[in-house]
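Hi everyone, thanks for making time this morning. I'd like to walk you through one model, starting with the fold and ending with a few backbone details. Here it is on the screen.

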Amino acid sequence: MNQKSTKPKDAAAIILIKENEVLWAQRNPNLKFLGGYHAFAGGKVDAEDAEIEVKNCEDKEKAKFIACATREIFEEVGVLLVRNGEKLTKGQRASLHDDLISGRMNFGEVLSHWNLWLDGEDFTYTGFWTTPPFSPMRFKTRFFLANCPPKQEPYAAISEMENIEFIRPDEALNRWKKSEVLISPPVLLVLKELAAHFQNSNQINATTLEISGEKLLEKSRECGGQIDYIELNSRLICFPMKTKTLPPATHTNCFIVGKREFVVIDAAGKDEAEQRKLFELIDSMVEKDFICKEIIVSHLHKDHFGGEITLQKYLQEKSGLQVPISAHRLTAESLRNEVKIEKFIEDNKSINLKDENGEAFALKALHAPGHARGHLCFYDEELGFLLSSDNVIGSGSVLIAPPEGNMKDYLNSLERMKNLPNLRFLCGSHGAAIVDAKGKIENYITHRLERERRILEAIENGANTPSEIVEKVYQDVSPELWNLAEKSVEAHLEKLELDQRISTKKFTERHSV
């Protein structure tokens with residue numbers, strides 16, 4: 001059963017402008033929420049934020065978020081957006097920062113002690129955006145535009161942000177298009193809007209900020225602060241859809257790869273409201289004469305198919321398109337009574353697509369069994385972006401359950417994925433994209449081999465059944481999930497027997513599994 005959506009926490013962020021550039025930084029890759037993504041400085045609201053006075057701001061709720069955003073940007077990058085702050089030296093600002101971070105003073109006390117204050121006229125509200133329901137951590141973040149005070153240079157004041165820089169919005173977008181960085185949807189939206197308004201300007205003025213703020217606020221209101229999909233780069237869209245998947249996941253990622261020529265991978269969701277939104281997105285592409293070449297099922301598990309037939313029928317009835325459904329041959333055999341697979345995708349097949357400018361590129365299909373016999377992953381080598389399906393995911397853990405799952409095949413697939421040329425990013429079927437793809441895969445391999453070592457140890461210490469092994473080896477897993485852990489144990493035992501590290505006969509006699 002899927003878990004209920006997490007309630008979003010209130011948060012605020014600053015879009016800091018200096019001349020014709022905007023401040024962004026890379027979030028520490030070790031952070032649980034959007035680790036490694038490029039973002040603006042900001043964070044969640046503290047109780048004390050509501051007690052801070054903001055002059056020229058009668059809206060107490062808005063004032064609370066201004067106080068939060070101001071405190072967060074000072075904590076993270078050392079920029080102090082206050083009035084009367086020009087009297088402070090660089091060393092004094094560092095002393096203030098130390099008082100705040102150490103807990104000797106809260107932000108309100110720091111302001112009062114140094115006769116500093118916040119002015120609502122220094123901040124342009126641009127609306128709010130809410131983390132989608134599929135995320136295990138959610139925030140409702142209010143965004144504000146503000147100018148960087150003279151003589152203040154941002155720096156990595158705490159470990160949360162790194163690679164801090166002012167950058168032209170168009171240059172930031174170019175890095176995203178080339179898949180050099182990952183950007184969350186609200187940040188991407190802001191950069192697109194700023195790039196449109198700043199491209200002919202040598203310096204940002206109050207009028208430009210006001211116009212940009214109004215445009216961003218209008219977009220936030222139009223969408224109700226909700227975002228349905230994530231553009232991971234200029235030719236890859238991730239559209240999470242509710243499915244009957246294993247907890248803690250609640251959604252399965254549907255991917256649209258390409259633009260002028262594109263494919264849809266794992267359109268599995270059956271929720272009609274979500275299907276309509278996906279269809280609207282695809283309609284917007286078809287209306288530009290973009291061509292949908294295939295609808296692909298990555299593998300046989302029930303949270304990866306179910307909506308592709310509806311999509312195929314919709315495209316035929318709405319636009320007269322005949323789009324085949326594709327999968328690996330083994331998946332087609334397993335689903336022959338459920339889905340009519342019309343094309344087979346074999347290992348190393350290049351799926352030829354086109355980006356928005358009509359430039360051709362290849363998406364390579366990889367037969368990567370282990371989680372399922374016909375399991376497919378997809379790799380854009382030019383951009384170094386891997387769609388790892390269920391082999392590596394951003395939320396939860398991967399289940400290897402015999403007879404469909406095979407641990408030896410799975411580890412071999414992980415090794416192959418880890419060694420892909422130019423590999424940088426990956427996105428699995430559940431959760432967010434991962435910045436350090438190789439590191440993530442290496443962690444998976446290390447984790448599985450450590451489980452294997454501890455399983456062998458449990459056997460040597462007299463564990464007689466998979467359930468007894470689970471009790472000794474999976475103490476870091478909730479007992480509610482031990483039935484799934486038993487399946488993983490069986491997969492490990494099967495591999496150990498194939499590796500001749502345990503004797504089938506001896507194990508059967510001593511440990512009846």
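The protein has 14 helices and 21 strands; these are DSSP runs numbered from the N terminus, with helices being H or I of at least four residues and strands E of at least two. This is a predicted model, where local features need pLDDT of at least 70, side-chain atom pairs count only at pLDDT 80 or more, and totals for chains, interfaces and linings use all residues. Residues are numbered from 1 along each chain as its sequence is written, and side-chain values use heavy atoms, with hydrogens and water left out.

On overall dimensions, the C-alpha trace spans about 80 × 60 × 40 Å along its principal axes.

The search runs on a 1 Å grid over the protein atoms alone: a cavity is a set of points where a 1.4 Å probe fits but cannot get out, a pocket is an open set with protein on both sides within 12 Å along at least five of seven lines, and lining residues have an atom within 4 Å of a point. Grid points are joined across faces, edges and corners, and a volume is the space filled by probe spheres set on the points.

The second largest pocket has a volume of about 910 Å³. It is lined by 33 residues, and the closest to its centre are Gly396, Ser397, Val398, Leu399 and Arg448. Which elements give two or more residues to that lining? They are α11 (437-460) and α13 (482-498).

How do those two helices pack? Their axes are 10 Å apart, at an angle of about 80°, which makes α11 roughly perpendicular to α13. Here, axes are lines fitted to C-alpha atoms, for helices over the stretch in contact, and angles run from 0 to 180 degrees between N-to-C directions; under 35 degrees counts as roughly parallel, over 145 as roughly antiparallel, 65 to 115 as roughly perpendicular and the rest as oblique.

The largest holds about 50 Å³, and its lining includes Asn233, Arg235, Asp380 and Phe385.

Last, the backbone. Most residues other than glycine have a negative phi, and most peptide bonds are trans. Pro247 and Pro248 are joined by a cis peptide bond with omega about 10°, and Pro248 sits in the loop between β11 (236-242) and β12 (251-258). Pro402 to Pro403 is also cis, with omega near 5°. Ser179 has a positive phi, near 60°, in the loop between α4 (169-177) and α5 (185-198).
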